[in-house]
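Q: I'd like to learn how to read pairs of aromatic rings in a protein model. Can you walk me through it with an example?

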Amino acid sequence: MPSYLLPPLLAGVLFPVGALLLKGALVRGIGPWRMAFVTNVALALVAPLFLIGAAPATAAARWEEPVLAGLCFYIGQIFTFQALDRGDLSVATPILGTKAVFVAFFSVFLLHLPIPWQLWTAAVLTALAVALLGGGGTGREHHTRFLFTAGTAALGAMSFACGDVLTQKWGPGWGAARFTFWEMAFCAAFSPLLIPFFRQPLSAIDRPTWKWLGGGSFVNALQACILYISIGHFGHATEMNVTYNFRSLVMLGLIWAVGHWFHNHERHAGTRVMLRRLAGALLLLSAIFLVTKH
């Protein structure tokens with residue numbers, strides 16, 4: 001494995017841990033809007049840690065670049081937490097993995113690369129994977145919840161993918177750590193726009209919920225900074241996202257083995273449902289693997 005794939009592999013292991021902690025806060029009623037606000041602030045607090053010893057910028061600062069990348073990340077956060085609030089982690093996480101396919105497509109249009117046959121094949125396999133992930137349940141409520149989770153997770157993946165490609169395009173001129181810092185800082189700067197959607201103020205969050213929210217926000221911010229700094233420094237956004245999608249299998253394993261520690265009971269959906277989701281995750285990973293072969 002090339003050394004530049006180690007950081008996204010680490011991020012892929014950290015993501016499920018952070019997501020389980022954040023889901024624990026969501027089931028305590030924090031809501032996706034307050035969660036997005038707090039996690040965005042955490043990003044702005046964690047990103048400066050990576051500025052220590054950072055290389056200086058090699059190009060003149062164009063502030064619209066981190067603003068646009070930060071806006072993409074901000075939108076991705078909103079859709080992702082909507083998906084995690086209403087849906088199962090074992091469904092949302094693999095669908096978030098479609099980010100690698102979106103990265104490949106955005107690379108075509110923003111980095112002017114040709115569209116190979118592998119991307120079209122991956123798109124078809126991704127659709128089949130989503131069908132598997134949504135199977136196993138019955139009733140209108142199940143299908144409605146799945147469609148909401150799949151839709152919001154896919155929109156989140158699309159937004160994050162655009163931010164990934166912009167980071168690859170503009171990060172080197174700023175220095176990867178510096179660009180990521182400003183990207184996350186602007187993401188946090190947009191967050192007061194979320195306040196009107198709060199069901200209750202932040203002061204209403206109790207101490208036990210803050211433990212879940214604080215821990216999850218820190219781990220989520222850490223893995224995001226690791227991934228984005230790596231993309232800004234090395235490039236290879238598509239290949240990095242393929243490796244990052246190891247998180248789908250890690251998530252399923254954690255839910256099955258220790259999900260109850262996080263008050264997550266998705267494994268009780270039944271062996272048949274979880275095996276369908278595992279098959280969907282594996283099919284999704286195989287689709288995404290094709291993206292690296294163009």
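Predicted model: local features only at pLDDT ≥ 70, side-chain atom pairs only at ≥ 80, totals over all residues.

Q: Which two values describe a pair of aromatic rings?

A: The distance of the centres and the angle of the planes. Here, Trp63 pairs with Trp174 edge-to-face, with 5.1 Å centre to centre and 75 degrees between the planes. Over 60 degrees counts as edge-to-face.

Q: Where in the chain do Trp63 and Trp174 lie?

A: Trp63 is in the loop between helix H2 and helix H3, while Trp174 belongs to helix H7, so the pair links distant parts of the chain, 111 residues apart.

Q: Is Trp174 buried or exposed?

A: Trp174 counts as buried, at 5% relative accessibility.

Q: Which residues do ring pairs link into a cluster?

A: Trp63 and Trp174 again, along with Phe179, Phe181, Trp182 and Phe186.

Q: How many aromatic pairs does the structure hold?

A: There are 13 of them. One of these is tilted: Tyr4 with Phe234, 6.3 Å centre to centre and 35 degrees between the planes. Tyr4 comes in the segment before helix H1 and Phe234 sits in helix H9, so this pair ties together parts 230 residues apart in sequence. Tyr4 is buried at 19% relative accessible area, and Phe234 is partly exposed at 38%.

Q: What lies over the face of Phe148?

A: That's Arg86, 4.0 Å from the ring centre. Likewise, Arg247 has its charged end over the ring of Phe15, at 4.5 Å from the centre.

Key
Residues numbered from 1 in each chain as written. Heavy atoms only, no water. Phe/Tyr/Trp six-rings, centres within 6.5 Å; stacked < 30°, edge-to-face > 60°. Helix = DSSP H or I, 4+ residues; strand = E, 2+ residues; numbered from the N terminus. Buried < 20%, exposed > 50% of the residue type's maximum accessible area, 1.4 Å probe, protein only. Lys NZ or Arg CZ within 6 Å of the ring centre and 35° of its normal.
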